[in-house]
Each structure stands twice: as C-alpha cells, then as structure tokens.
Amino acid sequence: FLKIDHYCFGLRKHWADGKRQRLENCLGDFIAQLEAVAAQMKADRLEREENARRRRAWELERTEKLAAIKKEEERLATLNAQVNAWHRSQKLRQFADAVRLAAEEGKLRSDADLEKWLAWVSDQADRLDPLADSPPSILDEKDKYEAYY
C-alpha cells in the first residue's frame, strides 16, 4: 500500500495491490505523482513566501506613512498653536494701544502704575508672539518650584 498524505486537489493519493494491478507496476505513476505533489508544495511555499514578503513590505510602508502622517499632524498642530498665540499677542497689543489712547484722551487716569501695567502687557504679548523674543518671567520658574518636594 502506497499513500501520499499531503493534500493536493485532483491528484491521486493511494496505490494498492489489487486483482488487476500490482503495486510494483504502479511505482512509476507513484513517483510521478510524488514529483507533482513536490512541485505543488514548492509552488505553495513560494506563494506563501511572496505573500509574507508583500505583507512585510506593506507593514514597512504603513509604519513609515503613519510616522510621516503623525509628524505632519504635529507640525500642523504647532503651526496652529503659533498662529493662535500670534493672534492673541496682537489682540493684547491692540488692547494696550486702546488703553493708552483712552489715557491720552483723559478717559483713564494716566500714572506710573498704568505705564508699568502697559509695559507688563507688552511683555506678555511678546511672550505669546512666536515672532518676538520672549522676555523673562516669573512663570518660567513655575515648573522648578512646583516639582520640588
């Protein structure tokens, strides 16, 4: 009794002695069928390897693209934050100009405290403005003192 255990659709898998045939007369057919099974197994293996190669290539491309997308999203978030900070700094400057104008027109009392406040507002606008040098502030030391135990 000869048997090929590997599954291959459409190929003969069993040979045995019978009334009309002897096993030794079927050896040629059996060996030919073994070769066909071996060829099919090789083709299946090559197909699996190619599929695995394509999956690895896709995963690499996917990883690279997701990293590029994340980097672009971070750049865009930074840009939006800078634009928002710039707009806020411009609004602070406009507000300070309006307060200064109101003081010049006599609508507000103009004194040394107002001038100090206007200078402070200007510093805060500069701290927000991504296009201006940021003056030092006590807020720069916040992390240092909050982290101390």
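Along the sequence, the protein runs in the order β-β-α-α-α. That pattern comprises three helices and two strands. The model is predicted, with a mean pLDDT of 89 for the protein.

**Confidence**

- In the protein, 89% of residues reach a pLDDT of 70 or more.
- Among the elements, helix 2 has the highest mean pLDDT, at 96.
- The lowest mean pLDDT among the elements, 58, belongs to strand 2, which covers residues 14–15.

**Whole protein**

- The protein has 149 residues, of which 17% are buried.
- Its exposed surface comes to about 12,500 Å², and carbon and sulfur atoms supply 56% of that area.
- Of the contacts between residues at least 6 apart in sequence, 42% join residues at least 24 apart.

**Nonpolar core**

- Six residues form the largest nonpolar core: A96, V99, A103, L114, L118 and V121.
- Helix 1 (27–104) and helix 2 (112–128) are the elements that give two or more residues to this core.
- L114, one of the core residues, is in contact with V99, A103 and R109 when neighbours within four places in sequence are left aside.

**Helix 2**

- Helix 2 has 17 residues.
- From first C-alpha to last, helix 2 reaches 25 Å, close to the 24 Å expected at 1.5 Å a residue.
- The buried residues of helix 2 are L114, L118, V121, Q124, A125 and D126.
- At the start of helix 2, the backbone nitrogen of D113 lies within 3.1 Å of a side-chain oxygen of D111.

- The relative accessible area of R109 is 67%, which is over the 50% cut-off, so R109 counts as exposed.
- The side chains of R109 and D111 are joined by a polar contact of 2.8 Å.
- R109 is also in contact with L114, a residue that is buried in helix 2.

Notes: Residues are numbered from 1 along each chain as its sequence is written. This is a predicted model: local features need pLDDT of at least 70, side-chain atom pairs count only at pLDDT 80 or more; totals for chains, interfaces and linings use all residues. Side-chain values use heavy atoms; hydrogens and water are left out. A nonpolar core is a set of buried Ala, Val, Leu, Ile, Met, Phe, Trp, Tyr and Cys residues joined through side-chain atoms within 4.5 Å. Buried means under 20% relative accessible area, exposed over 50%, partly exposed in between (1.4 Å probe, protein chains only). Helices (H or I, at least four residues) and strands (E, at least two) are DSSP runs, numbered from the N terminus. Contact means heavy atoms within 4.5 Å. The expected span of a helix is 1.5 Å times one less than its number of residues. A polar contact is a pair of N or O atoms within 3.5 Å; within protein, one must be able to donate a hydrogen and the other to accept it, and residues adjacent in sequence count only if both atoms are side-chain atoms. Accessible areas come from the Shrake-Rupley method with a 1.4 Å probe; for residues, only the protein chains shown count as cover. pLDDT is the predictor's confidence in each residue, from 0 to 100.
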